[in-house]
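Hi,

Here is the structure I promised to pass on. Please open it next to this email and follow along.

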Amino acid sequence: MRNYLIEDLPHYFEEYKKSIKNPKKFWDKIADQNFVWYQRWSKVVKYDMNEAKITWFKNAKLNITKNCIDRHLAVRGEKTAIIWEPNDPKEQAQHISYNELYTRVNKTANVLREMGIEKGDRVCIYLPMIPELAITMLACAKLGAVHSVIFAGFSASAVASRVNDCNAKMIITSDGSYRGNKVLDLKSIVDEASEKTPSVESILVVKRTHNEIKMKEGRDHWMADLYEKASADFVTVIMDAEDPLFILYTSGSTGKPKGMLHTSAGYMVYTAYTFKNVFNYKENDIYWCTADIGWITGHSYILYGPLLNGATTVIFEGVPTYPEPDRFWEVIEKHKITQFYTAPTAIRSLAKESSEWVDKHDLSTLKVIGSVGEPINEEAWHWFNDHVGKKKCPVVDTWWQTETGGIMISPLPFVTPTKPTYATLPLPGIQPVLMDDKRNEITGNQVTGNLCIRFPWPGIARTIWGDHQRYKETYFSAFPGKYFTGDGALRDEVGYYRITGRVDDVIIVSGHNLGTAPIEDSINEHPAVAESAIVGYPHDIKGNALYGFVILKETGEGRDKENLKKEINQLISDQIGPIAKLDKIQFVSGLPKTRSGKIMRRILRKIAEGDFSNFGDISTLLNPEIVEEIKNERI
Ligand code: PRX
């Protein structure tokens, strides 16, 4: 592997310039020098930003697992690929070498094949943060099956809709999951979901918590039984550059979740390159990202990015506050972590605890610390920098999305001077542009606008599974010829970017994207509810919390309001997951609407925030009087 690490600021500008002037040449060289291929590409990139058709490394043949595992065996076979840190610190951590990972992935790929999985089939994985999660994903990739990991905090109906959307043939789950002092029964959630998933032929169950579960004869199998019998030899399936690697669902502002499809070659090249540069990865580093593998951060920067670089990556099963609020710091000390990548919501919640929890641990091995998932506020940034990084570790505030596959805007440690709350500069190959609402590009500095990207990069999602039209409309039609991120951004006087937040109806709660529409749909299913609207309001730890305005039907008026609130939250929890529960529910007699019937969320947002200063012109509303009523009864 050649070294594609950017060394200093002039080097960054030089690489950046090259990548914009001639992206084909830039990515061609990186792809050529750093990966193993069965066959080279005939064209680096082909794109039509109006039709949202993008291909990278056309006709290349590869398998990402050859690059993640096999090619490392000769040089670092005994090196630890994965450190698994269990929920309970008393349980022993596991160190899985590249050699062992190779064998476990081969055996698991044979299990899947024996259960009838073939190249192109979809496999849903609903597992806690245990090694089998990483291993089954890699086994799918080795076999050419498309993995779709479903975050193990989602409800049965959320599981069913994701399984059905991609017609998965198999679900892989576990008997249960440990989260702090809780044990969650994942299998019964899958059982409930699978009553409505006709495409599922088999369910494989990994043993983790040993609690009693039901196994359906003929459909359900213990992974361990099949694994025992499986051969350790497996011939890797050759994939085309644009063959699907995985689907990962993300919430949109409207409608059902979008199954973002990532393909093989471009995703591989982009995650490997960005991992190395954003974390300044060097051979003996021990890297830890605290995200769940059920989100894109875990896919790209727990699994693929690190393994592609032959790194040691930590998989942590637990939560930051169990058994005590120093668990993160204890794990950093224990495993001598060099790069630590987490989220603002975790930083804020740990900053609330006494700093003695951090100070009593030796964090001197750290050299880079990172944040992702939502804008990081100034206070959290400083706390992270002062108490965790001890002012000697660059803070990489990394902006990107499920759709982008990898990090897009971020400081490079020891290269880009950081600035609190700023994601700073685009990575090589990334051309951010700010657009005004009239679709004009905003040039110059000290400006704000809608953040778009001008040219495709290798990691961009290729489509929404089964709905290319929606992909095109969501990302490529608001600003024709450009990819629209859905975020607003500010560009400061030196050209640094700061992400200001979503400009659509997606609300980020504790780093999780939640669309308002699906939540409103669940609330409206309550028999006593006539209509509802959800907005976000600032929350100290979660970043945003959800505030619901609910109109009751006549039949609901006489009901006990506290009970109703509980029932509404239960419905949301059942249909989406506990993450989407509302912190505040206000019953109202009407919602502010425009004459065309559109809910004025801007006004509701201001009320929820407690900012009554400037509602703008409300005289043109259909029902301006309602604003006063809602304001007076705000919770
Ligand atoms: O609004 C941005 C926010 O998270 C959104 C993407 O969410 P998701 O697809 O779940 O991916 C999260 C992990 C990559 C973005 O549109 N976001 C992500 N990182 C940042 C951020 N906002 C501000 N600063 C960040 N560093």
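Below is what turned up, starting with the ligand and ending with the salt bridges.

A quick note before that: this is a predicted model, so local features need pLDDT of at least 70 and side-chain atom pairs count only at pLDDT 80 or more, while totals for chains, interfaces and linings use all residues. Residues are numbered from 1 along each chain as its sequence is written, and side-chain values use heavy atoms, with hydrogens and water left out.

**The ligand**

There are 18 residues around the ligand, and D397, T398, T402, D487 and R502 come nearest (near means that a heavy atom of the residue lies within 4 Å). By class, this shell has 7 nonpolar, 6 polar and 5 charged residues (Ala, Val, Leu, Ile, Met, Phe, Trp, Tyr, Cys and Pro count as nonpolar, Asp, Glu, Lys and Arg as charged, and the others, Gly among them, as polar).

Now the polar contacts (pairs of N or O atoms within 3.5 Å). An oxygen atom of the ligand sits 2.6 Å from a side-chain N or O atom of D487, and an oxygen atom of the ligand is 2.9 Å from one in the side chain of Q401. How much of the ligand does the protein bury? Taken alone, the ligand exposes 540 Å², and the protein buries 96% of that (areas come from the Shrake-Rupley method with a 1.4 Å probe).

**Salt bridges**

The structure holds 43 of them (a side-chain nitrogen of Lys or Arg within 4 Å of a carboxyl oxygen of Asp or Glu). One is between E283 and K79, with the closest N and O atoms 2.8 Å apart. E283 lies in the loop between α10 and β16 and K79 in the loop between α4 and β4, so the pair ties together parts that are 204 residues apart in sequence (helices, H or I with at least four residues, and strands, E with at least two, are DSSP runs numbered from the N terminus).

Are these two buried or exposed? E283 counts as partly exposed at 34% relative accessibility, whereas K79 counts as buried at 15% (buried is under 20% relative accessible area, exposed over 50%, partly exposed in between, with a 1.4 Å probe and protein chains only).

For contrast, look at E562 and K565, whose closest N and O atoms are 3.6 Å apart. Both lie in helix α19, 3 residues apart, about one turn of the helix. Finally, salt bridges that share partners join E85, R327, E330 and K334 into one network.

Cheers

Note on methods:
A polar contact is a pair of N or O atoms within 3.5 Å; within protein, one must be able to donate a hydrogen and the other to accept it, and residues adjacent in sequence count only if both atoms are side-chain atoms.
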